Amino acid sequence: MSAITHNRQIPSITLKTELIGKVTGRKIDADALIDSGAEGIIINGQFAQKHQLTLLPIKNPFPVRNVDGSENTMGWVREYTIQNLRIYSRDGEAYHEETAEFYVMDIGDHDIILGTDWLEEHNPDIDWSDSRVDMTRCPETCFTAKPPILHLKTKSSKSTVIDPRTHHKDYQGDAVEFLFDPSTGVRR
Ligand SMILES: [Zn+2]
């Protein structure tokens, strides 16, 4: 058992998810990073504490390993929690729900990390450049409401996109104007 993590800069997608209380039905908003560089399904220890999630001891605690096999500064994983994770499609109508075991770790700013275990189990169709995730190849054990579950809700991280062509053209225009301005004396 391991939960390899690393800090390599790779294209990332953060899903907006909810943890649904089994008994109470209480909903907790959680941002879940899809990270193919991590192995397990991981939840932030501080987040778990803040929301008073029920933590269970791991029988055989294991150290957090970096991809090169060295021990991560996060130390050992000693607890896990079982939670219902709900992920909505962008229209808010359809959703995917599963019961998952989360390793409790210090994962900085992230609430949840969905690693390769999760990717392999659900095998979603991901368009990294478009930040689009479709749940089209799930096992039968997944619960789905109003399927198909397409275009999962993501945390908006897209800033205003500057079209490089337009931007470049404007710049050139200014430069040309400058070069041909007789008052500058650049072109005699
Ligand atoms: Zn699934």
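Mentor: We will go from the overall layout to single residues.

Trainee: What is the mean pLDDT of the chain?

Mentor: This is a predicted model. The mean pLDDT is 80, and 72% of the residues reach 70 or more.

Trainee: Which stretch falls below 50?

Mentor: Residues 158–188 do. Beyond near neighbours in sequence, that stretch has 5 contacts in the model.

Trainee: OK, layout. How many helices and strands are in the chain?

Mentor: The chain has 3 helices and 10 strands. From the N terminus, the order is β-β-β-α-β-β-β-β-α-β-β-β-α.

Trainee: How much of the chain is buried?

Mentor: Of its 188 residues, 27% count as buried.

Trainee: And what share of the contacts joins residues at least 24 apart?

Mentor: Take contacts between residues at least 6 apart in sequence. Of these, 63% join residues at least 24 apart.

Trainee: Let's do the strands. How do E1 and E2 run, parallel or antiparallel?

Mentor: They run antiparallel, with 8 bridges joining them. For a landmark, find Thr-17, whose bridge partner in E2 is Ala-30.

Trainee: What sits between those two strands?

Mentor: The hairpin of E1 and E2 has 6 residues between the strands. Look for Gly-25 there, with a positive phi near 75 degrees.

Trainee: What about E3 and E6, parallel or antiparallel?

Mentor: E3 and E6 pair in the parallel sense, over 3 bridges. Asn-44 stands opposite Met-105 in E6.

Trainee: And how does E6 run against E10?

Mentor: E6 and E10 are antiparallel, joined by 3 bridges. There, Glu-97 stands opposite Phe-143 in E10.

Trainee: Now the core. Which residues touch the most other members?

Mentor: The largest nonpolar core has 33 residues. Ile-42, Phe-102, Tyr-103 and Val-104 touch the most other members.

Trainee: Next, a tryptophan. Where is Trp-76, and what does Trp-76 touch?

Mentor: Trp-76 is in strand E5. Leaving out residues up to four places away in sequence, Trp-76 touches Pro-61, Phe-62 and Pro-63.

Trainee: How far is Trp-76 from Met-105?

Mentor: They are 29 residues apart in sequence. In space, the distance is 8.2 Å, C-alpha to C-alpha.

Trainee: What is the phi of Lys-146?

Mentor: Lys-146 has a positive phi of about 50 degrees, although it is not a glycine. Lys-146 is in the loop between E10 and H3 too.

Trainee: And Ser-131, what is its phi?

Mentor: The phi of Ser-131 is near 50 degrees, also positive in a non-glycine residue. Ser-131 sits in the loop between strands E8 and E9.

Trainee: Which are they, Lys-146 and Ser-131, buried or exposed?

Mentor: Lys-146 is exposed, because 10 other C-beta atoms lie within 10 Å. Ser-131 is buried, with 20 within 10 Å.

Trainee: Back to Pro-148. How far is Pro-148 from Ser-89?

Mentor: The two are 59 residues apart in sequence, but 9.0 Å apart in space, C-alpha to C-alpha.

Trainee: Where is Ser-89, and is it buried or exposed?

Mentor: Ser-89 is in the loop between E5 and E6. Ser-89 counts as buried, because 22 C-beta neighbours fall inside 10 Å.

Trainee: What does Ser-89 touch?

Mentor: Not counting residues up to four places away, its contacts include Ala-94, Tyr-95, Ile-149, Leu-150 and His-151. Leu-152 and Lys-153 are also among them.

Notes
Residues numbered from 1 in each chain as written. Predicted model: local features only at pLDDT ≥ 70, side-chain atom pairs only at ≥ 80, totals over all residues. Core = buried A, V, L, I, M, F, W, Y, C linked by C-beta atoms within 7 Å. Buried ≥ 20, exposed ≤ 12 C-beta atoms within 10 Å, placed from the backbone. Helix = DSSP H or I, 4+ residues; strand = E, 2+ residues; numbered from the N terminus. Pairing = 2+ DSSP bridges. Contact = placed C-beta atoms within 7 Å. pLDDT = per-residue confidence, 0-100.
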